[in-house]
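Here are a few friendly notes to read alongside the model. Please keep the structure open as you go through them.

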Amino acid sequence: MSLDFTTVFSYWQILLKGLGLTLAFTLSSALLGSVLGFMICLLRASGKKWITWPLTLFVEFFRGTPLLIQLFWIFFCLPVVFRLQIPPYISVIIALTAYMAAITSETFRGALKSIAGEQHDACIALGLTSAVKVIYVVMPQTLLRSIPPLLSNVVSLFKESALISSVGIADLMFVGQNISNSTAQPVEFLTATGIIYFCVAYPLTRLVGLVEGKMLRRFAY
């Protein structure tokens with residue numbers, strides 16, 4: 001079997017277009033999911049059972065089931081259940097955002113618990129209201145301590161986003177598969193697709209390591 005990787009360069013624009021769509025889904029879902037995850041974290045910390053139980057069920061469901069099943073259910077079943085016409089792109093955003101929200105809420109919850117109890121006592125001693133404490137004391141520290149795991153979550157979401165090709169979204173994985181089928185060169189194009197994923201994910205992984213090292217030194221007390 002002869003391999004010809006030069007053919008890949010003839011399709012580089014199409015592959016980059018697929019990569020752009022992958023990055024667009026990843027970044028938009030990461031942003032929306034992080035905001036939603038932070039809100040879920042704060043609501044679960046309220047201690048009110050009628051709030052915490054449904055949110056805990058949401059988090060555990062999306063953390064404990066495969067993303068592919070979540071994607072299929074939202075893509076195929078949600079429109080049927082609610083009798084709505086949901087565009088495919090919106091269905092994918094909903095699935096990725098819900099998944100990201102579930103995992104980031106646990107990231108924020110861990111960061112929230114790492115804040116020393118003395119700081120909460122100090123807020124009470126100073127007579128700060130709950131809103132002021134959350135905005136000026138809890139939120140900044142929680143966000144700062146969450147940066148390394150949040151970046152890791154984004155890298156994981158980028159790699160998991162390859163699953164959206166299974167519902168016909170023309171992301172990088174979908175484009176790579178289609179080209180490999182049409183050219184009968186699966187080795188060349190699937191290898192090229194894997195290399196593109198690696199070239200994006202590896203620098204981000206190294207960045208996570210650098211940021212995590214700085215954060216550990218910052219909070220080493």
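1. A word on burial first: a residue is buried under 20% relative accessible area, exposed over 50%, and partly exposed in between, using a 1.4 Å probe and protein chains only. This is a predicted model, where local features need pLDDT of at least 70 and side-chain atom pairs count only at pLDDT 80 or more, while totals for chains, interfaces and linings use all residues. Residues are numbered from 1 along each chain as its sequence is written, and side-chain values use heavy atoms, leaving out hydrogens and water.

2. The protein chain has eight helices and zero strands; these are DSSP runs (helices H or I, at least four residues; strands E, at least two), numbered from the N terminus. Of its 221 residues, 39% count as buried.

3. Have a look at the aromatic side chains: the whole structure holds nine aromatic pairs. Rings of Phe, Tyr and Trp (its six-membered ring) pair with centres within 6.5 Å; planes under 30 degrees apart are stacked, over 60 edge-to-face, the rest tilted. Phe38 and Phe108 pair edge-to-face, at 5.1 Å centre to centre and 80° between the planes. Phe38 lies in helix α1 (residues 12-44) and Phe108 in helix α4 (residues 88-113), 70 residues apart. Both Phe38 and Phe108 are buried.

4. Why is the pair of Phe58 and Phe62 tilted? Their planes stand at 50°, with ring centres 4.7 Å apart, so the pair falls in that class. Phe58 and Phe62 are four residues apart in helix α2 (residues 49-64), about one helical turn. Phe58 is partly exposed at 25% relative accessibility, whereas Phe62, at 11%, is buried. Together with Phe61, Phe58 and Phe62 form one aromatic cluster.
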